[in-house]
Number of protein chains: 2
Amino acid sequence: MEPHILVVDDDREIRSLLDRFLRKHGFRVSAAADGQTMRRALDEWKIDLVVLDLMLPGEGGINLCRELREHSDLPVIMLTALGEETDRVVGLEVGADDYVAKPFSPRELLARIRAVLRRTQGDSRPRADSGQAVLRFSGWSFDPTSRQLRAPDGVVISLSAGEYDLLMAFATHPNRVLSRDQLLDLTRGRFAGPFDRSIDIQVSRLRRKLREDPKNPKLIQTVRGGGYIFATAVANDASTDT
Amino acid sequence: MEPHILVVDDDREIRSLLDRFLRKHGFRVSAAADGQTMRRALDEWKIDLVVLDLMLPGEGGINLCRELREHSDLPVIMLTALGEETDRVVGLEVGADDYVAKPFSPRELLARIRAVLRRTQGDSRPRADSGQAVLRFSGWSFDPTSRQLRAPDGVVISLSAGEYDLLMAFATHPNRVLSRDQLLDLTRGRFAGPFDRSIDIQVSRLRRKLREDPKNPKLIQTVRGGGYIFATAVANDASTDT
DNA sequence: ATTCGAATGTAACGGCTTGTAACAGCAAAG
DNA sequence: CTTTGCTGTTACAAGCCGTTACATTCGAAT
């Protein structure tokens, strides 16, 4: 799978340069110029590593990194100013995994990205799942910790890994149209090729597990030309946390 | 689809210049000379990006941008005066995505518009839909969250993506004549070509779903030469929000 | 009141998008 | 090595949307 890198920098030339360079070297790239866009990208895509400018205007890279570390072990490489040793120390203290000083060689950054990814490879991001609250919707209850789906009548439904990942993607983005690329990124870490029907097949299988009426699905609805939407309210049962 | 740009500037030469230039480069353009017209345009059209003059007389571009950010993540490019660095900083702080200093090259603005749109591409604007209240009219109830339409007799009517978008457009602009261009913009992100009957077909299909008498439709009425009007009171059931 | 042209209504059709059965390949378990 | 389950691909079917064509309605002109 091609790792998905998120580049967060207000300098559009840096975003553009890194976009082209990293794609050329086999990565998928998203870009954000500010904290808000960064948060949305982290929410809607499955990002494998963040390249974050420490001197980001507004909230600042330090605060954004700190905030990210509250919920995630996602690797972060900080872009810092040359010679600013204090900044680097602070950056590493709030959880950055590495730093690269500006102006930087894209090749150096590439090497560090690969090194950090190699080191964190296989990381299944337990924080994202472990301790996660039970999700409830339309009488169903879905426990990510035990990977257990319970039907409204109490029957436990077993899910394959693919079905589980897809349901997690939907349940954590309810009432939003998710494109096939987003669903594939969130579940398989790749984008769809032309004529790729794999998500449609998986959605069909998950609908069957969720006992949907194929003619008129209620939970997972099709949005023609857009993708799929998990059309239900989802509640977090934080109180069942152990 | 052709992105829809809203140009907000009191200088009609700038509005005119940008209108011609941006259309030539594949955009649809609307223009506003003041805050009031800007608000109406934002309500009646599906705008993809706003170009906003920071020095707009009256309420001022800063306040308008701030107000826009209270409800929307719509990208904004500020037009600022050359050399006014304080203004730019303030502009970015109230949420502008980029800025261009006057006098500006239309080509530079075009490049920035494309860059910002590329960055925000795929943005499904969750604020517009998530947590949306149930809309009630003439005994019908329409829940945008579950995309479910319920008839006065309780029967659930399934809607296609196109029918859903059209009903949303009508239900969020009740008792107002909407032109075919507006309906197409709000539902498909494009304007009508000559002899374009697609909205009329969709209206016909939606009327059938809403059980209208074709000879004498009550909910969706035709305004000859003007478009269509959703002629009913629409209530927001905010209390059903979860 | 009549005529005419424009605007609108919608049936039918074609192309595109989506649903899914069936099958093949792969990986893991026994 | 064999068996089983899972996932993706292929093929066929169904639904959706836009275009076309024909019919109806309405408003303006006479």
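**Strands, DNA and the chain contact**

Modeller: Happy to, and keep in mind that this is a predicted model. Let's begin in chain B, where strand β6 (residues 134-137) and strand β13 (residues 235-237) pair in the antiparallel sense over three bridges.

Biologist: Which residue of β13(B) is the bridge partner of Arg136(B)?

Modeller: That would be Ala235(B).

Biologist: And what about β6(B) and β7(B), in which sense do they pair?

Modeller: Antiparallel, over three bridges, with β7 of chain B covering residues 140-143. Leu135(B) has Phe142(B) as its bridge partner in β7(B). The hairpin of these two strands has two residues between them, and Ser138(B) takes a positive phi near 45° there.

Biologist: Switching to chain A, what is the strand order in the open sheet?

Modeller: The order is β9-β8-β7-β6-β13 in chain A, five strands with antiparallel pairing. At the edges are β9 (156-157) and β13 (235-237) of chain A, each pairing on one side only.

Biologist: How many bridges join β6 and β7 of chain A?

Modeller: Three bridges join β6 (residues 134-137) to β7 (residues 140-143) of chain A, and the two strands run antiparallel. In β7(A), Ser141(A) is the bridge partner of Arg136(A).

Biologist: Great, now the DNA. Which residues are closest to DNA strand C?

Modeller: Thr222(A) and Tyr228(A) from chain A, plus Thr222(B), Gly225(B) and Tyr228(B) from chain B, are the closest of the 28 residues that surround DNA strand C. By class, that surface has eight nonpolar, six polar and 14 charged residues.

Biologist: What share of the DNA strand C atoms within 4 Å of the protein belongs to sugar or phosphate?

Modeller: It's 51%, and the rest belong to bases.

Biologist: New topic: how many residues of chain A are in contact with chain B?

Modeller: 21 residues of chain A are in contact with 16 residues of chain B. The area buried between the chains is about 1500 Å², and carbon and sulfur atoms give 47% of that. Arg12(A), Arg40(A) and Asn175(A) supply 30% of the area that chain A buries against chain B, more than any other three residues.

Biologist: With which residue does Arg40(A) form a salt bridge?

Modeller: With Asp73(B), where the closest N and O atoms are 3.3 Å apart. The count between chain A and chain B is one salt bridge.

Biologist: And which elements of chain A each supply at least two residues of the side that touches chain B?

Modeller: They are α1 (12-24), β2 (28-32), α2 (35-44) and β11 of chain A. Of these, α2(A) gives the most to that side, with three residues. The residues of the side of chain A that touches chain B divide into eight nonpolar, five polar and eight charged.

Biologist: Thanks, that's just what I needed!

Technical notes
Residues numbered from 1 in each chain as written. Chains lettered and ligands numbered in written order. Predicted model: local features only at pLDDT ≥ 70, side-chain atom pairs only at ≥ 80, totals over all residues. Heavy atoms only, no water. Near = heavy atom within 4 Å. Nonpolar A, V, L, I, M, F, W, Y, C, P; charged D, E, K, R; others polar. Contact = heavy atoms within 4.5 Å. Buried area = accessible area lost by both parts, 1.4 Å probe. Salt bridge = Lys/Arg side-chain N within 4 Å of Asp/Glu carboxyl O. Helix = DSSP H or I, 4+ residues; strand = E, 2+ residues; numbered from the N terminus. Pairing = 2+ DSSP bridges.
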